[in-house]
Amino acid sequence: HPALEEISADSTVREVILSGGDPLMLTDERLRWLCDRIADIGHVERIRLHTRLPIVLPDRITSELLEILTGLRPQTVVVVHANHGNEIVDDCAAGLKRLSMAGFPVLNQAVLLKDINDSVDALELLCRRLINVGVIPYYLHQLDTVSGAAHFQVDVETGRRLIAELESCLPGYAVPRYVREIPGHPGKTRL
């Protein structure tokens with residue numbers, strides 16, 4: 001497996017991110033195999049999984065999955081992707097609570113979307129519901145400029161105003177960082 005060989009050969013790699021296709025779409029057996037191979041690489045300190053499945057298929061958060069994620073030598077970090085507080089209800093809220101109670105950090109990334117969550121009320125509901133199940137609202141992304149999505153675009157000044165309003169009604173840990181991804185930059189750019 002070339003990716004595992006490359007990670008193993010580069011001692012500066014401290015965190016491995018499983019994303020770019022949802023890692024929880026793997027069977028438990030395949031996910032365990034992959035995570036165990038990564039965990040065998042001594043310099044890897046964290047395995048981060050980016051997933052939308054706890055939001056759209058909460059039944060995926062099984063005791064078997066939690067056993068895989070809590071049994072790893074590297075620290076597990078799970079990043080979920082919810083955009084509106086109306087997603088964080090019922091079985092989704094219960095699944096997220098099971099993830100957070102497992103003892104590893106669970107963070108949320110949302111995308112600022114016109115007519116979906118571009119109001120302080122919508123964002124405050126999202127952040128409150130996340131915090132109440134143990135999920136930290138980590139990032140609010142400015143929508144990437146992609147073909148076919150212009151109707152969801154919110155201007156940056158509106159995004160900044162919304163974050164300022166959230167800061168006045170939520171505790172600091174419940175306010176996400178407002179960011180943009182810029183091609184070629186090593187990380188997120190704070191707005």
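Strands (E, at least two residues) and helices (H or I, at least four) are DSSP runs, numbered from the N terminus.

A word on ground rules: this is a predicted model, so to speak of local features takes pLDDT of at least 70, side-chain atom pairs count only at pLDDT 80 or more, and totals for chains, interfaces and linings use all residues. Residues are numbered from 1 along each chain as its sequence is written, and side-chain values use heavy atoms, leaving out hydrogens and water.

Now look at what flanks β3. Strand β2 (residues 46–51) runs parallel to β3 and is joined to it by six bridges; two strands pair if DSSP finds at least two bridges between them. To get from β3 to β4, the chain goes through helix α5 (residues 90–101), making a right-handed β-α-β crossover. Right-handed means that, with the strands pointing away from you, the path from the first strand over the helix to the second runs clockwise.

Zoom out, and these strands belong to an open sheet of seven, in the order β1-β2-β3-β4-β5-β6-β7, with mixed pairing. At the edges stand β1 (15–18) and β7 (188–190), each with a single partner strand, so one side of each has no neighbour in the sheet. Where does the antiparallel part show up? Strand β6 (residues 177–181) runs antiparallel to β7, joined to it by three bridges, and Val-179 has Arg-190 in β7 as its bridge partner.

Finally, the helices. Helix α6 (residues 120–132) and helix α7 (residues 156–169) pack at an angle of about 55 degrees, their axes 10 Å apart. Axes are lines fitted to C-alpha atoms, for helices over the stretch in contact, and angles run from 0 to 180 degrees between N-to-C directions. Where they meet, Val-120, Leu-123, Glu-124 and Cys-127 of α6 touch Leu-162, Glu-165, Leu-166 and Cys-169 of α7, contact being heavy atoms within 4.5 Å.
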